[in-house]
Amino acid sequence: MRTDAEWQASLSPEAYRVLRRAGTEAPGASPYEHPSADRDGVYRCVGCDAELFRAEDQFDSGTGWPSFSDRATRDAVVVRTDFKLLFPRREATCANCGGHLGHVFRDGPATTGQRWCINGAALTLDEDPPTP
């Protein structure tokens, strides 16, 4: 596992603040906020390159953050209860490196009912993933 100094050296200041300090980027700050019909591929953790979400599961939630109806695989993202605000929330973290990604809400599309509200600073888009 990397030390804090190694994380700081390997990430942008914003990615470090989000992934390692559980920060939240400003709404509308991510280039991934709105899905694109010509955007295909997988979204990976900017910290460890683990596959987290698929572009096909992205939708425009109108919230200001990239939103997905589901994670790439059940084991890709860990969900735990976050009590940092006055009410409990469901925090999403990378299962591989433990980096903070965002939160999961129960107001998503009918297919899953979930909205994975993810900080774009925690993601990188791989538009040419290897085929399984």
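Which residue forms a salt bridge with Arg 54, and how far apart are the closest N and O atoms? The partner is Glu 51, and the closest N and O atoms are 3.8 Å apart. A salt bridge here is a side-chain nitrogen of Lys or Arg within 4 Å of a carboxyl oxygen of Asp or Glu. Arg 54 is partly exposed at 29% relative accessibility, and Glu 51 is also partly exposed, at 30%. Buried stands for under 20% relative accessible area, exposed for over 50%, and partly exposed for what lies in between, with a 1.4 Å probe and protein chains only.

The model is predicted: local features need pLDDT of at least 70, side-chain atom pairs count only at pLDDT 80 or more, and totals for chains, interfaces and linings use all residues. Residues are numbered from 1 along each chain as its sequence is written, and side-chain values use heavy atoms, with hydrogens and water left out.

The protein contains 2 helices and 9 strands. Helices (H or I, at least four residues) and strands (E, at least two) are DSSP runs, numbered from the N terminus. Read from the N terminus, the order of elements is α-α-β-β-β-β-β-β-β-β-β. The radius of gyration is 14 Å, close to the 14 Å that the globule rule gives for 132 residues, so the protein is as compact as a globular protein of that length. That radius is taken over C-alpha atoms, and the globule rule is 2.2 Å times the number of residues to the power 0.38. The C-alpha trace spans about 40 × 40 × 30 Å along its principal axes. Of the 132 residues, 45% are buried. Among contacts between residues at least 6 apart in sequence, 53% join residues at least 24 apart, a contact being heavy atoms within 4.5 Å.

An open sheet is formed by 3 strands in the order β2-β1-β9, with antiparallel pairing. Two strands pair if DSSP finds at least two bridges between them. The edge strands, each pairing on one side only, are β2 (51–54) and β9 (123–126). From one strand to the next the twist averages 35°; axes are lines fitted to C-alpha atoms, for helices over the stretch in contact, and angles run from 0 to 180 degrees between N-to-C directions. Strand β1 (residues 42–45) is joined to β2 by 3 bridges, and the two run antiparallel. β1 and β2 form a hairpin with 5 residues between them, and Asp 49 in the turn has a positive phi of about 75°.

The cysteines come next. A disulfide is a pair of cysteine sulfur atoms within 2.5 Å, and the count by this rule is 0. Cys 45 is in no disulfide, and the nearest cysteine sulfur, that of Cys 97, is 3.7 Å away. Cys 45 is buried, at 1% relative accessibility. For Cys 94, the closest cysteine sulfur is in Cys 48, at 3.6 Å, which is too far for a bond. Cys 94 is buried too, at 2% relative accessibility.

The salt bridges number 7. One of them pairs Glu 14 with Arg 17, with the closest N and O atoms 3.1 Å apart. Both residues lie in helix α2 (residues 13–21), 3 residues apart, about one turn of the helix. Glu 14 is partly exposed with a relative accessible area of 30%, and Arg 17 is partly exposed at 34%. Another salt bridge joins Arg 80 to Glu 91, with the closest N and O atoms 3.8 Å apart. Arg 80 lies in strand β5 (residues 77–82) and Glu 91 in strand β6 (residues 89–94), so this pair ties together parts that are 11 residues apart in sequence. Arg 80 is partly exposed at 40% relative accessibility, whereas Glu 91 is buried at 8%.

Ala 110 is placed in the loop between β7 (100–105) and β8 (115–118), and Ala 110 is exposed, with a relative accessible area of 84%. Ala 110 and Ser 69 are 41 residues apart in sequence, and C-alpha to C-alpha they are 8.9 Å apart in space.
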